[in-house]
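This briefing covers one protein model, topic by topic. Have the structure open while reading.

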Amino acid sequence: PSKTRIIHFIGNLPNDVTLPDVGDSEDELKTITTSGDMSYWGYKSFNSVTELKDFKGQTLTLYRNKAKISITAADGVTASIAGVANAYQYGVLVPHNNDSFNFDLDTDYQTLPSNTTKISEQTGGAFTYVFEHPNDSKADALNVICKVGDLYYKVALAKKVDDVMVYYDIIRNHQYNIKINQVDTNLGKANFQDAADANNEPIND
C-alpha cells in the first residue's frame, strides 16, 4: 500500500506463533513471545514509496532473540556446557525500548517477557543459547552448568569487582564466554541435575 513505510522482517518463527495482519499496528508485535528455537528479527523504516521500492535486492541485518553462551578451557582442562539452570523459558520476539524499535549491536537494554517461568535444560557442547535474563540478583540469576572432567559445576555469568560479584545482564544477540582455568573438585556434582539443584554458590563466587 502507498502508505506503508515500516516493515518488520522475522525469520524462523515457531508454528504456534501468530503475527498481526498486514496493516495492523506494529505495537501488537511487542507482546509476542516464543519458546524453544531461536527466532530472528530485523526492522526497516522507509521515508518514501520510492525508497521502499528501491530496497529490493538489498540486505538487512536480522538479530537473534537469544544470547549465546560459550566455554573455553585452559590447557589440560576438558570442559563443556552441560546446560542451564534457572533460565527463562520464554523470550520476547521483537526487541523494543518503550516506543522505539532501535535495536542494534550496541544496544544494552533488554526486552523481557511478562511470563517469567524458569526452567533447567540440558544442552551439551561448546555453546548454548538462552533468552534474555535480567540477572539482577543472585537469587534470580541464570546459572550455567558446566562439565569439567567427570564432574558438573554451577557457574554464574558474573565477575568479581572489588570482591563483589557483578552479574551480567543477558542481552539478546550478545555472546558471553566462560573461561575455566581450574576447579575445586570438592564442589563438583555427579550429574547435571545435582549441580542444578545444589544450594551451594556458583564456583566463581
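Two strands count as paired if DSSP finds at least two bridges between them. β10 and β11 meet that test, with 6 bridges in the antiparallel sense. The model is predicted. The protein has 2 helices and 14 strands.

**Overall build**

- The C-alpha trace spans about 65 × 35 × 35 Å along its principal axes.
- The protein has 205 residues, and 38% of them count as buried.
- Take the contacts with a separation of 6 or more: 74% of them come from residues 24 or more positions apart.

- Strand β10 covers residues 143–148.
- Of the 6 residues of β10, 5 are buried, so this strand is largely enclosed by the rest of the structure.
- β10 pairs with β6 in the antiparallel sense, over 6 bridges.
- Within that pairing, Ser80 has Lys147 of β10 as its bridge partner.
- β10 and β11 form a hairpin with 2 residues between them. Gly149 sits in the turn and has a positive phi of about 65°.

- Strand β12 (residues 158–161) runs antiparallel to β13, and 4 bridges join them.
- Val161 has Val164 in β13 as its bridge partner.
- This hairpin has 2 residues between the strands. Asp162 takes a positive phi near 55° there.
- Side chains alternate along β13 (residues 164–167). Met165 and Tyr167 point to one face and are buried.

**The three-stranded sheet**

- An open sheet of 3 strands has the order β1-β3-β4, with antiparallel pairing.
- Its edge strands are β1 (6–11) and β4 (63–64), each pairing on one side only.
- β1 and β3 (residues 40–45) are joined by 6 bridges. Gly11 stands opposite Tyr40 in β3.

**Nonpolar cores**

- The largest nonpolar core has 29 residues. Those with the most contacts inside it are Ile69, Val130, Leu142, Val144, Leu157 and Ile178.
- β5 (66–73), β6 (79–88), β10, β11 and β14 each supply at least two residues of this core.
- A second, separate core has 7 residues, among them Ile145, Phe192, Ala195 and Ala196.
- Which residues does Leu157 contact, leaving aside its neighbours within four places in sequence? They are Ile69, Asn135, Leu142, Val144, Val166, Tyr167, Tyr168, Ile170, Tyr176 and Ile178.

**The second largest pocket**

- The second largest pocket has a volume of about 290 Å³.
- Of the 17 residues that line it, the closest to its centre are Val155, Ile178, Lys179, Ile180 and Asn204.
- β11 (151–156) and β14 (175–180) each supply at least two lining residues. β14 gives the largest share of the lining, 5 residues.
- By class, the lining has 11 nonpolar, 4 polar and 2 charged residues.

**Two buried loop residues**

- Phe46 lies in the loop between β3 and α1 (49–54).
- Why does Phe46 count as buried? Its relative accessibility is 2%, and the buried class is under 20%.
- Leaving aside neighbours within four places in sequence, Phe46 is in contact with Arg5, Ile7, Glu51, Leu52 and Phe55.
- Phe46 and Ile7 are 39 residues apart in sequence. Their C-alpha atoms are 8.4 Å apart in space.
- Asp140 lies in the loop between β9 (127–131) and β10.
- Asp140 counts as buried because its relative accessibility is 16%, with the cut-off at under 20%.
- Leaving aside neighbours within four places in sequence, Asp140 is in contact with Asn86, Tyr88, Lys118, His133, Pro134 and Asn135.

Note on methods. Residues are numbered from 1 along each chain as its sequence is written. This is a predicted model: local features need pLDDT of at least 70, side-chain atom pairs count only at pLDDT 80 or more; totals for chains, interfaces and linings use all residues. Side-chain values use heavy atoms; hydrogens and water are left out. On a 1 Å grid over the protein atoms alone, a cavity is a set of points where a 1.4 Å probe fits but cannot get out, and a pocket is an open set with protein on both sides within 12 Å along at least five of seven lines; lining residues have an atom within 4 Å of a point. Grid points are joined across faces, edges and corners, and a volume is the space filled by probe spheres set on the points. Ala, Val, Leu, Ile, Met, Phe, Trp, Tyr, Cys and Pro count as nonpolar, Asp, Glu, Lys and Arg as charged, and the others, Gly among them, as polar. A nonpolar core is a set of buried Ala, Val, Leu, Ile, Met, Phe, Trp, Tyr and Cys residues joined through side-chain atoms within 4.5 Å. Buried means under 20% relative accessible area, exposed over 50%, partly exposed in between (1.4 Å probe, protein chains only). Contact means heavy atoms within 4.5 Å.
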